[in-house]
Amino acid sequence: MIALLLSRRTLRALLPAVSLTLLLGTIFWLQPRAMSYMGLNLLLNLAVPIALATLAQLFILAVNDLDLSIGAYVSFAACIGATWLNDAPLLGVAALAGCIVVYALLGALIHLRDLPAIVVTLGMSFVWMGCAVLLLPTPGGSAPGWIRAVMTWRPPYVPFAVLASVVIALVVHFGLMRTAYGAVLRGAGGNPRAVARAGWSLLRVKMTMYALAGLFGVLAGLALVGLTTSADANIALRYTLLSIAGAILGGAEFTGGRVSPIGAVLGALTLALAGAFLSFLRIPPDWQIGVQGGILILVLALRALIDRAGSARAGAAR
Amino acid sequence: MSPAAFLRDLFARPWIWAWLGAVAVWLTTAAVTQGQGAPEVLRAALTFGTFFVVVGIGQMFVITTGPGNIDLSVPATIALSGVVSMQVMGGQDARIVLGLAAALGVGLGVGLFNFALIRLLRIPPIIATLSAAFLVQSTAIAYGRGLRVRPPQAFSDFTTGSLFGVPLLALCVGGLAVAMGVVLHRTLYGRAVLAIGQNQRAARLAGLPVERVRCATYVLCAVFAGLNGALLAGFSGGSSLNMGEEFLLGSIAVVVIGGTSVAGGFANLPGIWGAALFLFLLVTMLNTFGAGAGVRLILTGLIIIAVITAAGGRKVGR
């Protein structure tokens, strides 16, 4: 019985890795030259900010909420990165820190008043969009040199995008899945009452998770502006839906605090590769989001199959 | 009923606040401009408000079926039905009905697809409609690129015309809202939607056809989005691929500000009209004050958060 459950869980956990491998394998088969340092770097560069935004979404998903404002928020962070952080670094850092504080306060508001996070973040998406438009009415600005240097760094042997993805995934994995407080944080999504009875402050848990989401949103914005070198107020609006899709693709669920940081990063990479996949197949880029939707549906269908097969076998064993 | 009791009864209704807000904002605008153009502003609000009301009604039925039920495919459906309906009409008056039927057909298809994903993959509706949205939007982009068909003259006249100074479209959608109010409160289907939203398990045990009702609800929402796509294309002299974008958050915002419970089970139709007028008049008021797009967005967001905070979040115990 336990072995059965285990195999089902391993199958589920392997699914994001398998889908990414299949996609990468097909790309390499279509275009062997992509299988190089430069090729991988080009393929995966834009995946880094998407992966960071997906992790931001993951922190919110882990406490059974959903963030509809992450795209607008990443855009705003990118705008700060391209303006204040470059012209007046102190002001820029203060503004970014302020954004994270606002996220923590949102977590507190949502917890204390028991508000639906979807609606609060829906409202916040208008607020972030407005802030971004006020700060940068027309596309422009320029990224600070040090961010550009980080994002275009060429480490030996392994492309930066791959290295960054691995490091980010491992850091969040150990922080959230392997530490004691990480278990409490996830437990607040799985069984909030039990966590509260055990003496942990649910308020602090929510504020921590929202602050973490704010932090990773800022990192996503900075990574994005480091790649594009200039920003505009709508630069990352797509990230709201992409980050939800990436987290779900990576095995996260809406309830129960079931998340997987490594899976989420793999999911984000898969979505980012969809565009490249099409261009190698010579399919017009019009279908890019269609392929992203298709991959999402396919993976979810496979997961449903695994679940169903698992429960059928469990039923037979009983 | 005594006047005092009548007033108490009136203020106990959640939709009254959206209407009061709309009236207050309109009066403020009129006071600032000293009555200049106040009727024109109202007429514009009625015209633009109708588009939000049409999608808002559909979204309200979906949201009412319970927590986690939100249709994210509304913008994509609007984009696809807009381009399909204009293409089918081909600028000829004789084919208006055919074009409208095609728009509704697009909605029917998307709604059925949404529900099929929810049922077959057993995934939360947000994820299902999100995946469907990717596919539908991609289809719209691939099909509609470079197409710009003008709507037939008669259809364009209908969407922009008015009767005794009141926009024709507002009259029709007003009628539609009344009809949907009857459907919601006086038919078996509407009562079932409310019952499922209040307690899905109890509804199922009571013998209600829960899945059939949910399916009908997703179809209804998508069909209304499809209708809106055709109307919007007729109104703006042709379809454009991004014309649905503002309805992703907008359709949810009018439902929430209108006093419908996000936790499900309590719908509020008159509030949708109030909220749609309120949001448009607010933008107009800020315009007359000379505020830019950024300030308007920020205020819209803060109002959504204020409304949901004042409404007190989830009242339904679970």
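This is a predicted model: local features need pLDDT of at least 70, side-chain atom pairs count only at pLDDT 80 or more; totals for chains, interfaces and linings use all residues.
**Exercise 1. The form of chain A**

Determine how many helices and strands chain A has, and explain why its radius of gyration agrees with that of a compact globule.

Solution. Begin with the secondary structure: chain A contains 15 helices and 0 strands. Next, consider the extent of the chain. The C-alpha trace of chain A spans about 65 × 55 × 35 Å along its principal axes. A compact globule of 318 residues would have a radius of gyration near 20 Å, and chain A has 20 Å, so the two agree. Finally, among the contacts in chain A with a separation of 6 or more, 79% join residues 24 or more positions apart.

**Exercise 2. The form of chain B**

State what secondary structure chain B has and what share of its residues count as buried.

Solution. Chain B comes to 14 helices and 2 strands. Its C-alpha atoms fill a box of roughly 55 × 50 × 35 Å, taken along the principal axes. For 318 residues, the value for a compact globule would be near 20 Å; the radius of gyration of chain B is 20 Å, which agrees. Of the 318 residues of chain B, 54% count as buried. Residues 24 or more positions apart supply 77% of the contacts in chain B with a separation of 6 or more.

**Exercise 3. A helix pair in chain B**

Decide whether α4(B) and α5(B) are roughly parallel or roughly antiparallel to each other, and identify residues through which they meet.

Solution. First, take the geometry: helix α4 of chain B, residues 74–89, packs with α5(B) at an angle of about 150°, their axes lying 8 Å apart. Angles over 145 degrees count as roughly antiparallel; α4(B) and α5(B) are therefore roughly antiparallel to each other. Their crossing is right-handed. Second, take the residues: α4(B) contributes, among them, Leu80(B), Val84(B) and Val88(B), while those in α5(B) include Leu100(B), Ala103(B) and Val106(B). The residues of this contact divide into 11 nonpolar, 5 polar and no charged.

**Exercise 4. Where the chains meet**

Find which helix of chain B gives the most to the side that touches chain A.

Solution. Start with the contact itself, in which 40 residues of chain B are in contact with 37 residues of chain A. On the chain B side, at least two residues each come from α5 (96–121), α6 (125–144), α12 (247–257) and α14 (293–311). The helix that gives the most is α14(B), with 12 residues. By class, this side of chain B has 26 nonpolar, 11 polar and 3 charged residues.

Notes:
Residues are numbered from 1 along each chain as its sequence is written. Chains are lettered from A and ligands numbered from 1 in the order in which they are written. Two residues are in contact if their C-beta atoms, placed from the backbone, lie within 7 Å. Helices (H or I, at least four residues) and strands (E, at least two) are DSSP runs, numbered from the N terminus. Ala, Val, Leu, Ile, Met, Phe, Trp, Tyr, Cys and Pro count as nonpolar, Asp, Glu, Lys and Arg as charged, and the others, Gly among them, as polar. The radius of gyration is taken over C-alpha atoms; the globule rule is 2.2 Å times the number of residues to the power 0.38. A residue is buried if 20 or more other C-beta atoms lie within 10 Å of its own, exposed if 12 or fewer, and partly exposed in between; C-beta atoms are placed from the backbone. Axes are lines fitted to C-alpha atoms, for helices over the stretch in contact, and angles run from 0 to 180 degrees between N-to-C directions. Angles under 35 degrees count as roughly parallel, over 145 as roughly antiparallel, 65 to 115 as roughly perpendicular and the rest as oblique. A crossing is left-handed if the near helix is turned anticlockwise from the far one by less than a right angle, and right-handed if clockwise.
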